[in-house]
Amino acid sequence: MKWCLAIILGMTLLASCGNDAPAYPDLVTSFVDMRISSGHREHWMQTDDGQQYAFTSSCNLDDFVRDSLYRVVCRFELLDAQNAKVYAVAKTLSSYPQHHTDFQTDPVKVQSVWQSGTYLNMVLEVMAHDAKHDFGFAIEQIDDTNMRITFIHDRKNDIEGFYEKVYASVPLSQYAEWIDKGNALEFCVNTYEGMQSYTVRPF
């Protein structure tokens, strides 16, 4: 079985970049698209409402591949209408849904799900102990007017020890024409209370 993406549990959202606890100014915390540029070119990010900002960062960005686009959760200060300063950043689970003939849907706890721009964002909590869990998104067409995206979670027989947060963001731009025609697209995630379904709205 092939999985869309695997992330290691235990990632904390936006850990401070330094050892000291800095006095932060007014900050915005949001899912954004971010490109870390190479050379002397400016880094930039775009919010889900289409606003773009060049940014400087107080974080170590060495684990980001240069000139690549990332979907991240970012904590930043707006300096003016075109510039920002980033204080913390965390990569998210974000990949295009794939067709799967078989996939696992071990339960998760849903903290929040919301649609923003051309993404469906979510904050989930997963019971974990010490194993790496696999995650992804499966897409299936139900009939001529209905499609469903399902959250994949394989806990690899891990012990359910304590909750770890998972930040995920499903790109939906490839389904814009489908939704605009009035067809149904739903997102499903298996929770400890059963399968939950969320309807995707037109962009």
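Author: What follows goes from the core to the strands around it and then to the rings. This is a predicted model, in which local features need pLDDT of at least 70 and side-chain atom pairs count only at pLDDT 80 or more, while totals for chains, interfaces and linings use all residues. Residues are numbered from 1 along each chain as its sequence is written, and side-chain values use heavy atoms, with hydrogens and water left out.

A nonpolar core is a set of buried Ala, Val, Leu, Ile, Met, Phe, Trp, Tyr and Cys residues joined through side-chain atoms within 4.5 Å, where buried means under 20% relative accessible area with a 1.4 Å probe, counting protein chains only. The largest such core has 23 residues, and those with the most contacts inside it are Phe-137, Ile-149, Phe-151, Leu-185 and Phe-187. Two or more residues each come from E8, E9, E10, E11, helix H1 (176–180) and strand E12 (184–191), these being DSSP runs numbered from the N terminus, with helices (H or I) of at least four residues and strands (E) of at least two. The largest share, 4 residues, is given by E8. In soluble globular proteins, nonpolar side chains tend to be buried together.

Leu-185 has contacts (heavy atoms within 4.5 Å) beyond its neighbours within four places in sequence, including Ile-139, Ile-149, Trp-178 and Val-200. Apart from this core lies another one, of 17 residues, among them Met-45, Leu-61, Val-86 and Val-89.

Strand E8 (residues 119–128) pairs with E11 in the antiparallel sense over 10 bridges, pairing being counted if DSSP finds at least two bridges between two strands. Within this pairing, Met-122 has Ala-168 of E11 as its bridge partner. Strand E11 (residues 162–171) is mostly covered, with 7 of its 10 residues buried.

As for the rings, those of Phe, Tyr and Trp (its six-membered ring) pair if their centres lie within 6.5 Å, and planes under 30 degrees apart count as stacked, over 60 as edge-to-face and the rest as tilted. The structure holds 5 aromatic pairs. In one of these, the ring centres of Phe-64 and Tyr-70 are 4.8 Å apart and the planes stand at 85°, so the pair is edge-to-face. Phe-135 and Phe-151 form a tilted pair, 5.8 Å centre to centre with 35° between the planes. This pair links distant parts of the chain, since Phe-135 is in strand E9 (residues 134–143) and Phe-151 is in strand E10 (residues 146–154), 16 residues apart. Both Phe-135 and Phe-151 are buried, and together with Phe-137 they form one aromatic cluster.

Conventions: Buried means under 20% relative accessible area, exposed over 50%, partly exposed in between (1.4 Å probe, protein chains only).
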